[in-house]
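Student: I am new to this structure and would like to find my way around it. Could we go through it together, one question at a time?

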Amino acid sequence: MRGFRAMKESMKDAEKMSSEDCLENTLFRLFPDMEFSPEEEGIVPLFREGLELAANGDLENALSQFDAVTQAMPQSIKAWRMVGKTALMLEKFSKADAAFRKALALDPLNIEVRYLIAHSYLLQDKVEEAASDLIDIIERVPEFLDAYYDCGVALQLLGRYGEAIDVFRRRLQFSPDFDTSIMCAMTYEMLMDYENTEKYYREALDMDPDNAMVLESCGAACLELERYDDALRYFQDALDLDPDSPDALYGRGRTFFSLDKIAEALADLTRAIKLDPENSLAWGMLGQLKLHLEEFECALHCLNKALELDPELLIYDFRASAKRGLGDLDGTLEDLDLALEYEPENVEFLLEKGVLLIEMQRYQDALPVFDTLVQMDSQPDHLSLRALVHMELLNYEQALDDLSAAMESGCRDIDVFLRRGEAFYQMGDTTSALADFRTALEIAEAQGDADYAQKCRTLLERLQD
């Protein structure tokens, strides 16, 4: 499970995604709003010095200063809270948690302290504890807006995407918020709901129109929706802001490829890789483009590079095709098995593997593949291919069952009739074999397929002789 701190890092990613400071950069902006009681006047200078140290990036000395405040006035909730916040920024979680517990003991109903404890849980990847506390905070104090973002993130990390979206949307009902709109869009993206993905990225873009990364995200959503003109517009707008953005070039290149504009796609993907040689997605897409051009050696190089950079990139099926184009059948089979490890119920991968095993004459290995395929999707082509395997294994009765089942579904494929005719012949039923060969001839003649028609006539002549 991806941790909260990793998510925050990807969200910060310079100023690309977020136009607002994240929590860690706003901890010390609360001072002007603090009100001190008359008995607290003595700690104000110490407090101010601690805040100045923190503002200058000297967090260790700031923490020592806030510790001094707690020693001067142990009953100050503000002091314990600032000790906890500073310790959080230094990732001194035990000290932060102890300080927050002290503050909570002084004021058990203090909602900000309860929130900070939950936030500390998130930073430590104690996601379930954080989610539980944050849900409770929102239920008790619905207007405490800071809790919504963290709560939604915690739920997202737990894979509770529907609940996360509900929390993000509830937060946005109060007022527009850039970071929340981004996270809502990202969660819809995980659910592959690209209509809503674009909607919430678009909301974020309304708040920050010149944000290149959000423009790229809108383009990616439109690309998934096959709205290629919109995708091109978003990627072009991103490139107008940042002409050297590898991600925008990758997105536009992928869009050009989808539109079969091969030269433009090649130019964008090549430039993206030149600007960012570690861009696994661009390498993978360039490999697919080269595969489309049947430049198998180059395709294999690009796909290998992509997988070297990111072994979890789901492009093993494309690399299998490149290896097949180079005649490396064993390598093709190895990559199809890798693809099926990630997507074991992918009908297309299973079919490719089964056909490849037939080509390699590994019929015993092919049979369980087609058994699985037929169990998942008993369309005529799958039944016919399994019948072919059965016939190579001399299992004529099983082949006959599969071919008859294919015909019962309305199949009028010439190969199905020819194979069933062969199965009947091998079982000694010449009459049924002749009937199937004649039907195959009628279909071939109706379709104008001269080669198949001649093959059928030859079989009929041999049987009749």
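Student: How do the residues lining the largest pocket divide into nonpolar, polar and charged?

Tutor: Good place to start, and please keep in mind that this is a predicted model. The lining of the largest pocket is made up of 37 residues. Sorted by class, they come to 7 polar, 13 charged and 17 nonpolar.

Student: Which residues lie nearest the centre of that largest pocket?

Tutor: The pocket in question has a volume of about 1600 Å³. Among its 37 lining residues, those nearest the centre are Glu189, Glu224, Tyr250, Arg254 and Leu281.

Student: Which helix gives the most to the lining of the largest pocket?

Tutor: Several helices take part: α11 (194–207), α12 (212–224), α14 (246–258), α16 (280–292), α18 (316–325) and α20 (347–359) each supply at least two lining residues. The top contributor provides 7 residues, and that helix is α12.

Student: Now for helix packing. Are α2 and α3 roughly parallel or antiparallel to each other?

Tutor: Helix α2 covers residues 44–55 and helix α3 covers residues 59–72, and their axes lie 8 Å apart at an angle of about 165°. Angles over 145 degrees count as roughly antiparallel. The relation of α2 to α3 is therefore roughly antiparallel.

Student: How many nonpolar residues are in the contact of α2 with α3?

Tutor: The crossing of these two helices, α2 and α3, is left-handed. On the α2 side the contact includes Leu46, Phe47 and Leu51, and on the α3 side it includes Leu59, Phe66 and Val69. Alongside 3 polar residues and 1 charged residue, the number of nonpolar residues in the contact of α2 with α3 is 10.

Student: What about α22 and α23: are they roughly parallel or antiparallel?

Tutor: The axes of α22 (residues 380–392) and α23 (residues 396–408) come within 8 Å and cross at roughly 165°. The crossing of α22 and α23 is left-handed. Residues in the contact include Leu383, His390 and Met391 of α22, with Tyr396, Asp402 and Leu403 of α23. Given the angle, which is over 145 degrees, α22 and α23 are therefore roughly antiparallel.

Student: And α20 and α22: roughly parallel or antiparallel?

Tutor: Here the axes are 11 Å apart, at an angle of about 25°. Angles under 35 degrees count as roughly parallel. The arrangement of α20 and α22 is therefore roughly parallel.

Student: Last one: how many charged residues are in the contact of α20 with α22?

Tutor: This crossing of α20 and α22 is left-handed. Val347, Leu351, Val355 and Ile358 of α20 meet His382, Leu385, Leu388 and Val389 of α22. By class the contact of α20 with α22 has 7 nonpolar residues and 1 polar residue, and the count of charged residues is none.

Key
Residues numbered from 1 in each chain as written. Predicted model: local features only at pLDDT ≥ 70, side-chain atom pairs only at ≥ 80, totals over all residues. Heavy atoms only, no water. 1 Å grid on protein atoms, 1.4 Å probe; cavity = no way out; pocket = protein on both sides within 12 Å on 5 of 7 lines; lining within 4 Å. Points joined across faces, edges and corners; volume = space filled by probe spheres on them. Helix = DSSP H or I, 4+ residues; strand = E, 2+ residues; numbered from the N terminus. Nonpolar A, V, L, I, M, F, W, Y, C, P; charged D, E, K, R; others polar. Axes fitted to C-alpha atoms, helices over the stretch in contact; angles between N-to-C directions. Parallel < 35°, antiparallel > 145°, perpendicular 65-115°, else oblique. Left-handed = near helix turned anticlockwise from the far one by under 90°. Contact = heavy atoms within 4.5 Å.
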